[in-house]
Every structure is written in structure tokens, then in C-alpha cells.
Amino acid sequence: MSETVHRWMEQYPELGSGPISTEPYISPEWYEREKEKIFHKVWLCVGRENELPKVGDYKVKRLAAADTSVIIVRAKDGKIRAFHNACAHRGNTVITETGEETYGGSKAAIMTCRFHGWVYDAEGQLKQVPSEQRFYDCFSKEKNGLTPVHLDTWQGFLFVNVAEQPETTLAEFLGEYANHFNGFPFDELDFGFTYYTYVDCNWKVAHDAFAEAYHVDTIHAGSFPNVFSTGLQNVKLMGPHRTCAVCLTLGAKPTPVSGIANGLAGASLVSQRGESMLPPAINPDKRDDFAFELSVLFPNTLLHISEGIWFTHQFWPIAHNKTLWEGRYYVKAPTTHSQRWAIEHAMTLQRNAWLEDTATMEDTQRAMQSRAKVEQHLQDDEILIRHGAVVVDQFVNA
Ligand code: FES
Ligand SMILES: [Fe+2]
């Protein structure tokens with residue numbers, strides 16, 4: 001057994017090397033415990049500050065795993081705050097939701113419950129109650145504002161924590177992970193596209209499918225032929241979070257059209273570029289073959305950065321075997337038609353690759369649910385999956 005083939009196990013022996021149980025992927029009881037011990041307790045990334053540019057702009061995000069929907073709204077003082085989307089009168093949603101994410105705004109920065117017309121401001125205060133005099137002495141507007149949800153930001157990302165009293169601040173929760181990515185110009189790369197779908201699988205099946213490069217030669221033989229190396233580099237575990245570098249195959253030759261598109265807008269991940277915007281902790285050895293940083297911001301966000309590109313995958317549990325998957329991809333806004341075309345090409349390439357990834361998930365879930373196999377065997381370059389399983393276990397059994 002040489003040092004190189006088991007290098008991550010040697011670096012992180014505390015994770016062990018044994019098989020991983022499939023039970024946490026298929027058990028409804030385990031999922032209930034994950035909801036209580038993880039999604040009701042930790043900071044969850046729910047968007048970007050620049051989604052709410054104006055006073056009164058709001059976004060409602062459904063968080064099924066935290067048993068609520070959260071209104072995120074920019075108030076007159078310019079601050080963004082979060083509240084449960086629940087009316088103090090008879091419990092209707094204050095903002096009528098049209099799906100997993102509902103966007104809207106009001107110049108007056110108020111929100112009106114459509115059931116009986118109670119009006120709240122963006123600080124969460126109850127401002128107006130039709131026929132207020134008919135309520136009784138025990139009722140006061142002051143005590144019946146919206147229920148606040150803890151909100152904080154990092155690098156323009158919005159995080160909420162639905163616990164009444166979070167066990168950590170966002171800065172404590174992110175820890176070293178924040179230092180690793182601090183300084184990347186997320187806001188300058190704000191031209192994005194999004195794909196999302198519901199997948200009939202556990203959220204960890206979806207996470208795992210994106211948390212290794214072992215599958216690239218097989219699953220992505222169509223979209224990224226001979227582009228990426230199947231091993232990982234610079235694996236770093238940081239509390240519940242984890243990161244690594246995905247590298248290019250030496251001498252990689254992208255398809256001709258990908259090569260042209262990448263030369264025009266650098267939007268397709270397929271060739272090596274300079275490193276002018278990457279923070280110092282990323283690719284510390286300045287490897288020539290570095291393609292992108294693949295990180296997991298616990299519990300359900302994968303954040304990737306590269307020169308001129310960043311993208312995320314998020315896995316929102318809906319049930320033990322149903323997940324909302326969201327993929328978002330950002331580059332610099334194009335200034336020419338050829339750059340616009342190159343970004344369209346990147347969109348198509350990512351759509352194809354993500355379809356290839358998501359296509360495995362429901363099959364994995366069905367096969368796991370058969371219990372024909374009750375364990376998974378992970379190789380050394382699947383360490384992010386192993387770390388994920390260990391961290392989830394620690395939270396659930398805490
Ligand atoms: S439930 Fe909101 S005003 Fe009645
Ligand atoms: Fe993939």
C-alpha cells in the first residue's frame with residue numbers, strides 16, 4: 001500500500017476507512033432527526049444580498065426541512081431582516097407563496113396578509129389591523145409583529161438560522177471556511193443562470209453525487225470528455241465544512257467548440273487560466289492543472305470557485321426521499337455578442353453535465369431502498385462523502 005493511494009486517509013485517519021451505512025439515506029426516522037438536529041439548528045445559505053437591491057424587496061424561501069418558510073426583506077433602514085412567513089392573526093402566510101422561492105416588493109416596504117388585511121412593515125412590526133377596535137383588551141399590535149428569524153451575511157451570501165437561540169454565530173459556524181474563500185469577487189461575477197428540479201432521492205444522495213470526481217470519466221464522458229482528473233487535490237476539512245481542488249487532465253483537449261467558447265468568455269471550466277482573482281488559500285501550490293475549488297458548506301450547499309466563475313449546488317430536503325436541487329452558475333456579464341454566445345455555450349454544457357449528474361440520483365435511491373446492499377464502499381478520493389457522513393452522524397447523535 002503506497003502513501004499516495006491512501007493519502008487522504010493518512011491525513012484524516014479519524015474518519016476511518018470502513019464502509020458507510022445506507023440507512024441514513026433511506027430511513028424516515030433518521031430524516032426526522034436530521035431536521036431537528038441539523039436543519040432546525042444550523043445556519044442555512046438562502047441567497048445573495050443583491051437579490052434584494054431596493055427597500056421593500058423581499059424573497060420568501062421555503063425551508064421544508066426546518067418546517068417553515070422565511071421572508072427575507074430589505075427595510076427602510078437598508079438592512080435585510082428575516083421573519084417566519086406566518087400571520088399573527090390566524091396563522092395564514094403573510095406573503096402568498098407561489099413556489100419554493102417567491103419574489104416581490106413594495107415601495108412602502110410593507111407586507112399585507114391577504115386573508116384579513118393585517119399590514120406589517122419590513123422591521124416586522126404590525127402596523128394596521130382592520131376593525132382593530134373589535135379585538136379585546138388582551139390584544140396589542142406591539143406584541144403581534146412577525147416572528148423574527150436570525151439572519152446574517154458573509155461575502156454577500158444571506159444565511160438564516162431558525163433556532164430561537166442559535167448555538168453559534170454565523171462567523172463561528174463558518175470558521176476557517178470563511179477565511180478560505182474571503183476576497184473572491186462574488187459580486188463582480190453576477191451574470192448568472194439557474195437550473196432546478198425535484199429529485200426523488202435523499203438530500204445526501206444528491207450531495208454525494210457532486211462531491212467527488214471519480215464519476216467524471218463515466219458519467220461525464222459526453223459533456224466533459226477527457227477534461228478533468230478523477231482524483232482530488234488539496235483536500236481540507238474545516239469543522240463540518242470541507243473543500244478540495246478538482247484538476248484538469250494533463251494535456252486535456254476540450255472539444256473544439258468548448259475551447260473557442262472558453263477563449264471568448266472563460267465561462268466553461270474546460271481550460272486552465274491564470275489566477276488573478278483566487279484567494280491565496282485556493283490552489284496554494286499554484287498547480288498548473290487547477291480547474292476549480294469544490295467545497296461543501298455544511299449542510300446543503302456546494303460552493304465552487306474558479307478564475308472568472310463561481311457556482312453552487314444546493315440540496316433542500318423535502319422528505320427523506322425527495323430533494324429540491326438548485327444549480328446556480330455565475331460569470332462576468334458579457335460585453336460582446338461573442339461573449340454572450342460563449343456563456344450560452346457554458347449554460348448548455350452545464351445543463352448537460354448536471355442532467356448527467358442528477359440522472360444517477362433516483363436510481364441510487366431506489367437501489368438503496370431495496371436494502372439489497374446496506375453499505376457503501378468509498379475509495380480514498382471519495383473522502384468528502386465520508387466526511388459528510390461522519391459530520392451528519394455527529395450532529396444527529398449529539
Ligand atoms: S390570517 Fe392574516 S390577516 Fe387574518
Ligand atoms: Fe458530475
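Which element gives the largest share of the lining of the largest pocket? Helix α9 does, with 5 residues. The model is predicted.

## Largest pocket

The largest pocket holds about 430 Å³ of space. Its lining counts 21 residues, and those closest to the centre are D208, T364, M368, Q376 and E382. By class, the lining divides into 9 nonpolar, 6 polar and 6 charged residues.

Three elements each supply at least two lining residues: α6 (203-210), α9 (337-369) and β19 (375-376). Of these, α9 leads with its 5 residues.

## Second largest pocket

The second largest pocket has a volume of about 250 Å³. Here too, 21 residues form the lining. Closest to the centre are G47, R48, E51, R328 and Y330. Strands β2 (44-48), β3 (57-63), β6 (101-105), β17 (309-319) and β18 (322-331) each give two or more residues to this lining. The largest share, 4 residues, comes from β2.

By class, the lining of the second largest pocket has 8 nonpolar, 6 polar and 7 charged residues.

## Iron site

The iron ion (ligand 2) is held in the model by protein donors from three side chains: H215 through NE2, H220 through NE2, and D357 through two OD atoms. These donors lie 2.0 to 2.7 Å from the iron ion. Along the chain, they follow the spacing H-x4-H-x136-D. H215 and H220 are both buried.

For comparison, the ideal angle for four tetrahedral donors is 109.5 degrees.

## R386 in helix α10

R386 sits in helix α10, which spans residues 383-396. Is R386 buried or exposed? R386 is buried: its relative accessible area is 7%, and the cut-off for buried is under 20%.

R386 can also be placed relative to E212. The two residues are 174 residues apart in sequence. In space, their C-alpha atoms are 11 Å apart.

Methods
Residues are numbered from 1 along each chain as its sequence is written. Chains are lettered from A and ligands numbered from 1 in the order in which they are written. This is a predicted model: local features need pLDDT of at least 70, side-chain atom pairs count only at pLDDT 80 or more; totals for chains, interfaces and linings use all residues. Side-chain values use heavy atoms; hydrogens and water are left out. Donors are N, O and S atoms within 2.8 Å of the metal (3.2 Å for Na, K and Ca); water is not among the atoms, so sites may look incomplete. Buried means under 20% relative accessible area, exposed over 50%, partly exposed in between (1.4 Å probe, protein chains only). On a 1 Å grid over the protein atoms alone, a cavity is a set of points where a 1.4 Å probe fits but cannot get out, and a pocket is an open set with protein on both sides within 12 Å along at least five of seven lines; lining residues have an atom within 4 Å of a point. Grid points are joined across faces, edges and corners, and a volume is the space filled by probe spheres set on the points. Ala, Val, Leu, Ile, Met, Phe, Trp, Tyr, Cys and Pro count as nonpolar, Asp, Glu, Lys and Arg as charged, and the others, Gly among them, as polar.
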